[in-house]
Amino acid sequence: MNFPQKNNTKKIYTIDEIKDKMAKYCLYQDRCHWEVEKKIREYDLIPEAKNEIIFKLIDYGFLNEERFVFSFVRGKVNQKMWGKNRLRQELKMRNIDQKLIDSAFKEEIDSDKYWINITRLAEKKYNSLYSERDSFKKINKIKSFLAYKGYEFDLINDAIETLNIK
């Protein structure tokens with residue numbers, strides 16, 4: 001039995017087509033330079049072409065590192081309820097400058113909202129552990145969960161104390 005041969009040839013794109021693809025990639029959601037450079041590597045371009053594409057994306061406003069960081073922090077705090085440690089780790093992985101991270105934290109993280117997030121997460125985790133009888137294990141599971149979410153250990157302890165979890 002003969003099976004059709006799979007064509008392993010890569011589609012070839014022009015620089016303008018790649019620029020359009022990258023512009024759409026950036027329009028879908030804010031991207032940082034690291035993400036765009038990673039995506040561009042898929043096209044196997046010479047360095048000059050990569051630089052030209054990135055320059056055009058910046059020039060036309062499709063790629064803006066500051067906008068990305070502020071949007072990222074705002075979204076992850078409000079939607080996923082991440083803490084500062086997790087945010088910092090994710091942003092550093094994307095080669096974001098520490099000054100920009102600090103600036104975004106100052107502007108985008110409201111301390112009251114941050115506290116509400118951690119207490120809400122602690123309470124939700126506590127309620128999900130209703131079958132756990134050992135209070136020490138229960139508290140450690142809550143602490144581990146909140147640490148995974150990226151909250152600072154002093155705040156984790158304060159949240160557990162505030163909720164009177166035993």
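Me: Leaving aside its neighbours within four places in sequence, which residues is lysine 76 in contact with?

Reply: The model is predicted, and lysine 76 sits in helix H4 (residues 65–80). Contact here means heavy atoms within 4.5 Å. Once the neighbours within four places in sequence are left aside, the contacts of lysine 76 are Met81, Trp82 and Leu87.

Me: Which side chain of opposite charge is nearest to lysine 76, and how many Å away is it?

Reply: Lysine 76 is buried and has no salt bridge. A salt bridge needs a side-chain nitrogen of Lys or Arg within 4 Å of a carboxyl oxygen of Asp or Glu. For lysine 76 the nearest side chain of opposite charge is glutamate 90, at 7.3 Å.

Me: Is methionine 81 buried or exposed?

Reply: Methionine 81, a contact of lysine 76, lies in the loop between H4 and helix H5 (84–93). Its relative accessibility is 17%. The limit for buried is under 20%, so methionine 81 counts as buried.

Me: What is the phi of methionine 81?

Reply: Most residues other than glycine have a negative phi. Methionine 81 is not a glycine, yet its phi is positive, at about 55 degrees.

Me: Where is asparagine 95, and what is its phi?

Reply: Asparagine 95 is in the loop between H5 and helix H6 (98–108). With a relative accessible area of 57%, asparagine 95 is exposed. Asparagine 95 is not a glycine either, and its phi is positive, at about 60 degrees.

Me: Which residues make the contact of H1 with H2?

Reply: The axes of helix H1 (residues 15–28) and H2 come within 11 Å and cross at roughly 140 degrees. The crossing is right-handed. From H1 the contact takes Met22, Tyr25 and Cys26, and from H2 it takes Glu35, Val36, Lys39 and Ile40.

Me: Leaving aside its neighbours within four places in sequence, what is lysine 39 in contact with?

Reply: Lysine 39 belongs to helix H2 (residues 33–40). Its relative accessibility is 24%, so lysine 39 counts as partly exposed. Apart from neighbours within four places in sequence, the contacts of lysine 39 are Met22 and Tyr25.

Me: Which residues make the contact between H7 and H9?

Reply: The axes of helix H7 (residues 111–128) and helix H9 (residues 153–162) come within 9 Å and cross at roughly 65 degrees. This crossing is right-handed. H7 contributes Tyr114, Trp115, Ile118 and Thr119, and H9 contributes Leu155, Ile156, Asp158, Ala159 and Thr162.

Me: How do the residues of the contact of H7 with H9 divide?

Reply: Tyr114 of H7 and Leu155 of H9 are among the contact residues, as are Thr119 of H7 and Asp158 of H9. Tyr and Leu count as nonpolar and Asp as charged. The contact divides into six nonpolar, two polar and one charged.

Me: How many salt bridges are found in the whole structure?

Reply: One of them joins lysine 141 and glutamate 132 (3.1 Å, N to O). Lysine 141 is partly exposed, with a relative accessible area of 38%, whereas glutamate 132 is buried at 17%. The number found in the whole structure is nine.

Me: How far apart are the closest N and O atoms of lysine 19 and aspartate 16?

Reply: Lysine 19 and aspartate 16 are three residues apart in helix H1, so about one helical turn separates them. Lysine 19 is buried, with a relative accessible area of 17%, and aspartate 16 is exposed at 51%. The two form a salt bridge whose closest N and O atoms are apart by 3.8 Å.

Me: Which residue forms a salt bridge with arginine 74?

Reply: The closest N and O atoms of this salt bridge are 3.0 Å apart. The pair links distant parts of the chain, 34 residues apart, with arginine 74 in helix H4 and its partner in helix H6. Arginine 74 is partly exposed, with a relative accessible area of 36%. The partner of arginine 74 is glutamate 108.

Technical notes. Residues numbered from 1 in each chain as written. Predicted model: local features only at pLDDT ≥ 70, side-chain atom pairs only at ≥ 80, totals over all residues. Heavy atoms only, no water. Helix = DSSP H or I, 4+ residues; strand = E, 2+ residues; numbered from the N terminus. Buried < 20%, exposed > 50% of the residue type's maximum accessible area, 1.4 Å probe, protein only. Lys, Arg positive; Asp, Glu negative; His and termini not counted. Axes fitted to C-alpha atoms, helices over the stretch in contact; angles between N-to-C directions. Left-handed = near helix turned anticlockwise from the far one by under 90°.
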